Amino acid sequence: MTMNDDFLDAALKRQTQAPATDEAAVARVLARLAGPLPRQKRPFWRLPTVLLDWQFAPAWPRLAALGACAALGFFIGIAGIDRPIGGFTLSNSTTGAGFGAVLFEPEAVTGAQP
Amino acid sequence: MDVSDGDRPAADDSDEALMARIARGDERAYRVLARRHLPAMLGLARRILGNAADAEDVAQEAMLRVWTHAPRWQPLAALRTWLTRVVVNLCLDRKRRAPWVALEAAGELVDPAPGAAERSETEERDRRLAAAIAGLPARQRSAIVLTYGDGMSNAQVAEILDTTVSAVETLLVRGKQNLRRALGDAMDEDKE
């Protein structure tokens, strides 16, 4: 047997070519697949995409929600998150007196100084 | 989670269209796709594994993966390429797990032939070649089957085997060296 490249290539093509379709085997596998199929693997980002859907066109409630969030953010940004919104502060009740006026206030009944 | 009966998948729908339906849980589209690709995948698994029963298991597992992974599947490559890759990987996994039983299985690679008395010299050479192919390492055999049997380019084989083109060329060269060695040894035994 001469084992040159052409002979080997031709023999390999002959040997490894796809066999005729084995319909019986195909039918057996299809029958096994006919039963209940397993659960599909869903991508983990599937649920968040519902929340991250930025298609505004027909969904005016989503636009309204976005506008409300934007307005709230604007007011919080203007006012500062550390300041009370009502305008009342401790400093208003002691305007001009300083912190010492709170500590060294005269006794309400006797008028005694600390 | 089956889709409505409104529009049924057609046998001539593209793979991508069927996969989109399967991703939505359409079992009928899955059956159409399985019927389309199963024969080729069975043939490929059988040529790599050399065993019909194992090939059926691998083909079934590969088709189940089509169903379970359909929602995640991205049409970056042809479905056929992806499916071939799944089948080859499943075959390689199976070969790693199971010890090799070469010669009985090698007989199945040859087309059904007339009786032993009528075998010509060519048939005898083919039988030896089949046995030698069956004895190759699994990756070398996969590369040879995909290249010579399915007529794939080295780039396609590299994509399926998840390696480089030069690595595929190396696999083919080493595979053929091993075949020459095995067949040379067989011839030497004949001469003795």
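This is a predicted model: local features need pLDDT of at least 70, side-chain atom pairs count only at pLDDT 80 or more; totals for chains, interfaces and linings use all residues.
**Exercise 1.** Find how the secondary structure of chain A is made up, and in which element of chain A confidence is lowest and in which it is highest.

*Solution.* Begin with the elements: chain A has six helices and zero strands, and from the N terminus on they run α-α-α-α-α-α. Next, turn to the confidence, where the mean pLDDT of chain A is 73, with 61% of its residues reaching 70 or more. Within chain A, the lowest confidence falls in helix H5 (residues 90-93), at a mean of 51, whereas the highest falls in H2(A), at 90. Finally, look at burial: of the 114 residues of chain A, 5% count as buried.

**Exercise 2.** Work out how many residues of chain A are in contact with chain B, and describe the side of chain A that touches chain B by class.

*Solution.* Counting from both sides, 27 residues of chain A are in contact with 40 residues of chain B. On the side of chain A, helix H1 (5-16) and helix H2 (23-33) each supply at least two of the residues that touch chain B. Sorted by class, this side of chain A has 15 nonpolar, five polar and seven charged residues.

**Exercise 3.** Check whether the span of helix H4 (residues 79-97) of chain B agrees with its number of residues, and then find what covers its buried residues.

*Solution.* The expected span is 1.5 Å times one less than the number of residues, so the 19 residues of H4(B) should span 27 Å, and because the end C-alpha atoms are 27 Å apart, the two values agree. The buried residues in H4(B) are B:Trp82, B:Leu83, B:Thr84, B:Val87, B:Val88, B:Leu90 and B:Cys91. What covers them includes helix H2 (27-49), helix H3 (52-69), helix H7 (138-149) and helix H8 (154-161) of chain B.

**Exercise 4.** Describe how H2(B) and H4(B) cross, and name residues that make the contact.

*Solution.* The axes of the two helices, H2(B) and H4(B), come within 10 Å and cross at roughly 30°, and the crossing is right-handed. Among the residues that make the contact are B:Met41, B:Leu44 and B:Ile48 of H2(B), together with B:Leu83, B:Val87 and B:Arg94 of H4(B). By class, this contact of H2(B) with H4(B) has nine nonpolar, two polar and two charged residues.

**Exercise 5.** Decide whether B:Asp162 is buried or exposed, and say where its place is.

*Solution.* A residue counts as exposed if 12 or fewer other C-beta atoms lie within 10 Å of its own; B:Asp162 has 10 such atoms and is therefore exposed. Its place is in the loop between H8 and helix H9 (165-191) of chain B. Phi of B:Asp162 is near 60°, a positive value in a residue other than glycine.

Definitions and conventions. Residues are numbered from 1 along each chain as its sequence is written. Chains are lettered from A and ligands numbered from 1 in the order in which they are written. Two residues are in contact if their C-beta atoms, placed from the backbone, lie within 7 Å. Helices (H or I, at least four residues) and strands (E, at least two) are DSSP runs, numbered from the N terminus. Ala, Val, Leu, Ile, Met, Phe, Trp, Tyr, Cys and Pro count as nonpolar, Asp, Glu, Lys and Arg as charged, and the others, Gly among them, as polar. pLDDT is the predictor's confidence in each residue, from 0 to 100. A residue is buried if 20 or more other C-beta atoms lie within 10 Å of its own, exposed if 12 or fewer, and partly exposed in between; C-beta atoms are placed from the backbone. Axes are lines fitted to C-alpha atoms, for helices over the stretch in contact, and angles run from 0 to 180 degrees between N-to-C directions. A crossing is left-handed if the near helix is turned anticlockwise from the far one by less than a right angle, and right-handed if clockwise.
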